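Please look over the model below before reading the notes. They are grouped by topic.

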Amino acid sequence: MAEHVKIDRRHFLTGVAGATALGVAGCLVGCSSPADGGSASKDTQGSSSADSTQVEKPDWLGAPPEISNVSKTIDAEVVIVGAGVAGLAAGLAAIENGVKPIILEKGQTSRSGGGVHGAVNTKLQAESGISFTQEDIDRLIKAEMKNSGMNADEALLRVWATESGAVLDKIIELTAADGVESRINTLPLPEYDQEDKEYFTEGAYPVGHAVGPGDANGPAIDALTKKIQSEGGEFYYSTAGVALIQDETGAVVGVYGEQSGEYIQFNASKGVVVTTGEYGNNPDMVNEFVPQVAGLGLNCFYAPPVNTGDGHKMMVWAGAEMQRPPHAPMTACTFLVPQPVPFLLVNKLGERFQNEASSNFIAFNSVGHQPDMTAFQVFDSRWADVCNELKVMTWENTFLPDADKKAEIEEASIKADTLEDLAKQMGVDPEAFVETVERRNALADAGHDDDFGLPLDRLEATKIIEPPFYANQNVLIGYGVCLGGVWVNKKMQVLKADGSPIQGLYAAGNTVGRRFGASYFQELCGLSNGMADAHGYVAGRSAATRS
């Protein structure tokens, strides 16, 4: 048995034997829907259009399609709509409970996005000497609830904490059989007090697992798909779920899929699981639910064209209640040296505007309020030595630049022998910029950051004193995923406005609401994927075992 490591935000290394670096450095106004409103008829030739007497719906929702040309009917026990990691985890659970699912996927292949999976008490963690007691779990969930401003549903976080380790173990076992290596992506763990030194901590709890060599879900998706197919599960690609089918009681008994302009009726005697992902490529939904990014012309760097909120709309048409806005975007604003490495940040006016020991994922919320949503990261010739001395934990791992990384970052940066020349190349007023640098250096000499409270050792280490000087503009500012959806309970049953479940309907992944607050944090690395794994598995199990 590995020695227990006390999981808190101060010390993770105690008791870790031989740990090494294993990898690279709510109700919407006017949209409450009754359980049977807008439901598709169980009749093959029935219409799925909404009753004209219903309350007027917001623009994003529209009316369900008229179903008139059903080409064929297929019977199943469980139908899963969406073949990302949440849908595939649901499929795995169905298989393990004696049900051969049918899985619909709008795309020609499954979407493969970010690949870090957050989980608690996995075998890989145990092998590294990391374990979580119930008190540890209480502590990390408390941190996430605070980050969410109490907008998250703690019950869903506890489902994740309870189920995620065993589910991810299954996924890692399947990917290992394909020769894919997994690792805990936050090793080596930091030796400093993250809560004390960082304004917003990243990787503060070692839950993140990288499944495969990069930040992509491809290995997990491939392994799960192969497993489900080998056990008799069927996949229908290029087949979009367009409307749920409900019986006279409002229970969901199937779903219409659209393939090449024709409809297929998929009957589901036990239930339908909706795992269609987020809605980042539906401008109306982004405007309605994520107004903080709407209309900014930002790069939506994760969401594929198929992510248009189809599952959200189907479920609301069937009576589901949507989490009220704003929903949390997964934003990013990155610099060449990842935050929370605390090098000076200035805006286009040459002014400092935040405590630099922050996070790539929420820097959007500060940089996004600067002129032209632009900021520059500034450091001097000592920067790589400073990084290797501070050993700052980022969302991915401890940032320890080697000679190649040093050369790469310096080649991509603006470089000058004087601060004035650097400012000119940045397009920033030289006088204001020099004043900012001198002010920050003077605060370090005086012993306290009166302006933004950066810890003194960080402030002293990142003084800008030795030429040549370097600067880089934020290389990305945008959002990748819109994290909001319908209400669910602990069984992942989709709920109506009164909190009662819609029988036969389950959801997981980014179709589920109340998992995050105003922003996606990386204090619990890979939490979104980890929830997709755990919640998907629970949804599939709930559907497969429904009598």
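**Briefing on the predicted model**

At 58% relative accessibility, aspartate 372 counts as exposed; exposed means over 50% relative accessible area, buried under 20% and partly exposed in between, with a 1.4 Å probe and protein chains only. This is a predicted model, in which local features need pLDDT of at least 70 and side-chain atom pairs count only at pLDDT 80 or more, while totals for chains, interfaces and linings use all residues. Residues are numbered from 1 along each chain as its sequence is written, and side-chain values use heavy atoms, with hydrogens and water left out.

**Overall make-up**

- The protein chain has 15 helices and 18 strands; these are DSSP runs numbered from the N terminus, with helices being H or I of at least four residues and strands E of at least two.
- Of its 547 residues, 61% count as buried.
- The accessible surface of the protein chain is about 20,600 Å², and 48% of that belongs to carbon and sulfur atoms; the areas come from the Shrake-Rupley method with a 1.4 Å probe, and for residues only the protein chains shown count as cover.

**Backbone exceptions**

- Most residues other than glycine have a negative phi, and most peptide bonds are trans.
- Aspartate 372 has a positive phi, near 60°, and is not a glycine; aspartate 372 lies in the loop between helix 9 (364-367) and strand 13.
- Serine 260 also shows a positive phi, about 55°. Its place is the loop between strand 8 (252-259) and strand 9, and serine 260 is exposed at a relative accessible area of 76%.
- The peptide bond from glutamine 339 to proline 340 is cis, with omega near 15°; proline 340 is in the loop between strand 11 and strand 12.
- Proline 467 and proline 468 are joined by a cis peptide bond with omega of about 0°. Proline 468 belongs to the loop between helix 14 (456-461) and strand 15 (469-473).

**Aromatic side chains**

- There are 10 aromatic pairs in the structure. Rings of Phe, Tyr and Trp (its six-membered ring) pair if their centres lie within 6.5 Å; planes under 30 degrees apart count as stacked, over 60 as edge-to-face and the rest as tilted.
- One of the pairs is phenylalanine 343 with phenylalanine 379, which is tilted, at 5.1 Å centre to centre and 50° between the planes.
- Phenylalanine 343 lies in the loop between strand 11 (328-334) and strand 12 (344-347) and phenylalanine 379 in strand 13 (residues 375-379), so this pair ties together parts that are 36 residues apart in sequence.
- Phenylalanine 343 and phenylalanine 379 are both buried.
- Phenylalanine 379 also forms a tilted pair with tryptophan 383, at 5.3 Å centre to centre and 40° between the planes. The relative accessible area is 1% for phenylalanine 379 and 0% for tryptophan 383.
- Phe343, Phe379, Trp383 and Tyr470 make up one aromatic cluster.
- Arginine 458 lies over the face of tyrosine 192, at 4.6 Å from the ring centre; a charge sits over a ring if NZ of Lys or CZ of Arg is within 6 Å of the ring centre and within 35 degrees of the ring normal.

**Strand pairing**

- Strand 1 (residues 70-81) and strand 9 (residues 262-274) run parallel and are joined by 10 bridges; two strands pair if DSSP finds at least two bridges between them.
- Valine 78 stands opposite glycine 271 of strand 9.
- Strand 1 also pairs with strand 2 (residues 102-105), in the parallel sense over three bridges. In strand 2, isoleucine 103 is the bridge partner of isoleucine 80.
- A right-handed β-α-β unit is made by strand 1, helix 1 (residues 85-96) and strand 2; right-handed means that, with the strands pointing away from the viewer, the path from the first strand over the helix to the second runs clockwise.

- Isoleucine 137, in helix 3 (residues 134-147), is buried at 9% relative accessibility.
- Not counting residues up to four places away in sequence, isoleucine 137 touches Val120, Phe132, Arg158 and Ala161; contact means heavy atoms within 4.5 Å.
- Isoleucine 137 and threonine 162 are 25 residues apart in sequence, and 9.4 Å apart in space from C-alpha to C-alpha.
- Glycine 526 sits in the loop between strand 18 (501-507) and helix 15 (527-544) and is buried, with a relative accessible area of 4%.
- The C-alpha atoms of glycine 526 and glycine 208 are separated by 5.3 Å, although the two are 318 residues apart along the chain.
- Glycine 526 touches Val116, His117, Gly118 and Tyr520, not counting residues up to four places away in sequence.
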